[in-house]
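Please read the points with the structure open beside you.

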Amino acid sequence: EAYISAIEAANEKLNAYIKVTPEKALQMAEASDARLAGGKGGELEGIPLGIKDLFATEGIHTQACSHILDGFKPHYESTVTQNLWDDGAVMLGKLNMDEFAMGSSNETSYYGAVINPWRSAGSNQQLVPGGSSGGSAAAVAAHLCAGATATDTGGSIRQPAAFTGTVGIKPTYGRCSRWGTVAFASSLDQAGPIARDVRDAAILLKSMASVDPKDTTSVDLPVPDYEAVLGQSLKGMKIGIPNEYRVDGMPDEIETLWQQGIAWLKDAGAEIVNISLPHTKYALPAYYIVAPAEASSNLARYDGVRYGLRVDGKDIVDMYEKTRAAGFGKEVKRRIMIGTYVLSAGYYDAYYIKAQKVRTLIKRDFELAFNAGVDAILTPATPSSAFGVADENLASDPVKMYLNDIFTVTVNMAGLPGIAVPAGLDHKGLPLGLQLIGKPFDEETLFKTAHVIE
Ligand code: GLN
């Protein structure tokens, strides 16, 4: 009830929730109480969560914040959300996001921009919460839920977490089932939590993760008790500092934050080593070929027949065209066009295959570092703090917006786990985050190390 009141009071300003489900929440909370009274509560009993609109929730609004999915209410539940409900969590509603998770500022949503609850010192300017999981990050930061689900294809958990002073982890590709999560780029998409601190993120990920026969890319490995490693010593650990993440034009205060992070980890007993990830500079261009290619294929299913919106036409092709023209936003159309172009005959080898080769090289960079004894890699999470609403204009300068993902996309390209943890404030008093990158399926090391930084 406290969270529902908080949402009522603040959501009009923040636009973090696009659908609130108070009746469902209270009903789930009562069921939770009954289980607890009977002495058999799950690990998340009664914990109120917000759910990114990318996750299918049975009988409840699921539109990936796109007009083309108007009115779509799935008759099934995503595996990740089902895992949370099975552990006793309570759903407060569906959270705003960039349309089909394409964006870094939550401004491509059909439901409008999300406003970051943070403000620069002495300023009233509205700031973006980052994206695409901007609703998740803003809701957690503003206490409109105890934690939230999110997804990360190229940074969409970690960048919004960094912009809002929250913790977000993208687990290893395959750690969480993608079943029932609206697909953006299937070889990159992973679900993960955004939470108020490392401990909450650890508890939530444990519940969200599972092998799932409905997603053959989910991996059959035991899910460790992530919370158990918090507080363990970093003695004997090697932390890699990749030189290539010192990008041109990076503000001094980001470098200072990075050095501060290095000092904290040293103090905690870790050994710091300089490493090289030489293909880093190709990650962003390769990502913006691979992700749109997969998106153009995944989004072919929205044809006015199977889901959501339909705009009638004089014949079926006309109906497809009118539906897709009206249903998709500008950025989604841009991605579909880029994707279709790079997959078309004649360009496939030059762009798509080349990007896939680059992806292998990026993955190999990380493998070499880990094989040389590095346990985790420390980088900044983003090249800046949160920027103003409408400041970075996707329509006129999409590449500038894409540069937000410069530190985060490598992790998705390599399938590795990455966590963003709040590490300080910039000169405007806005949160800044550091990122830790780990070995495949070694989220424990990330939680343990991030816990030292937070
Ligand atoms: N900002 C990136 C993009 O627009 C990443 C999005 C994401 O991780 N879903 O593609």
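1. Terms first. Two strands pair if DSSP finds at least two bridges between them. Helices (H or I, at least four residues) and strands (E, at least two) are DSSP runs, numbered from the N terminus. In that sense, Pro 422 stands opposite Gly 433 in S11.

2. Ground rules. This is a predicted model: local features need pLDDT of at least 70, side-chain atom pairs count only at pLDDT 80 or more, and totals for chains, interfaces and linings use all residues. Residues are numbered from 1 along each chain as its sequence is written.

3. Overall build. The chain has 14 helices and 11 strands. Its C-alpha trace spans about 65 × 65 × 50 Å along the principal axes. The radius of gyration (taken over C-alpha atoms) is compared with a globule rule of 2.2 Å times the number of residues to the power 0.38. For 454 residues, a compact globule would be near 22 Å; the chain has 21 Å, which agrees.

4. Burial and contacts. A residue is buried if 20 or more other C-beta atoms lie within 10 Å of its own, exposed if 12 or fewer, and partly exposed in between; C-beta atoms are placed from the backbone. By that test, 56% of the 454 residues are buried. Two residues are in contact if their C-beta atoms, placed from the backbone, lie within 7 Å. Of the contacts with a separation of 6 or more, 77% join residues 24 or more positions apart.

5. Annotated site. The unreviewed UniProt entry marks Lys 52, Ser 132 and Ser 156 as "active site". They span 105 residues in sequence, yet no two of their C-alpha atoms are more than 11.3 Å apart, so they gather at one spot. One caution: UniProt positions are given in the numbering used here, feature names are shortened, and annotations may be inferred rather than shown by experiment.

6. Lys 52. This residue sits in strand S2 (residues 48-52). Lys 52 is buried, with 31 other C-beta atoms within 10 Å. Beyond four places in sequence, its contacts include Ser 133, Gly 135 and Ser 136.

7. Ser 156. Look in the loop between strand S4 (147-152) and helix H5 (158-164). Ser 156 is buried, with 37 other C-beta atoms within 10 Å. Among its contacts beyond four places in sequence are Ala 101 and Ser 132.

8. Ligand shell. A residue is near a molecule if its C-beta atom, placed from the backbone, lies within 6 Å of it. Of the 13 residues around the ligand, Ala 101, Ser 104, Thr 153, Gly 154 and Ser 156 come nearest. The shell divides into 4 nonpolar, 7 polar and 2 charged residues. Here Ala, Val, Leu, Ile, Met, Phe, Trp, Tyr, Cys and Pro count as nonpolar, Asp, Glu, Lys and Arg as charged, and the others, Gly among them, as polar.

9. Helix H4. In H4 (residues 134-141), 8 of its 8 residues are buried. His 143 follows H4 and has a positive phi, near 60°.

10. Strand S11. In S11 (residues 431-438), 8 of its 8 residues are buried. Pro 431, Gly 433, Gln 435 and Ile 437 point one way, and Leu 432, Leu 434, Leu 436 and Gly 438 the other way. In a regular strand the side chains alternate between the two faces of the sheet.

11. Partners of S11. Strand S9 (residues 376-380) pairs with S11 in the antiparallel sense over 5 bridges; Ile 377 has Ile 437 as its bridge partner. Strand S10 (residues 418-425) also pairs with S11 in the antiparallel sense, over 7 bridges. The hairpin of S10 and S11 has 5 residues between the strands, and Gly 429 there takes a positive phi near 85°.
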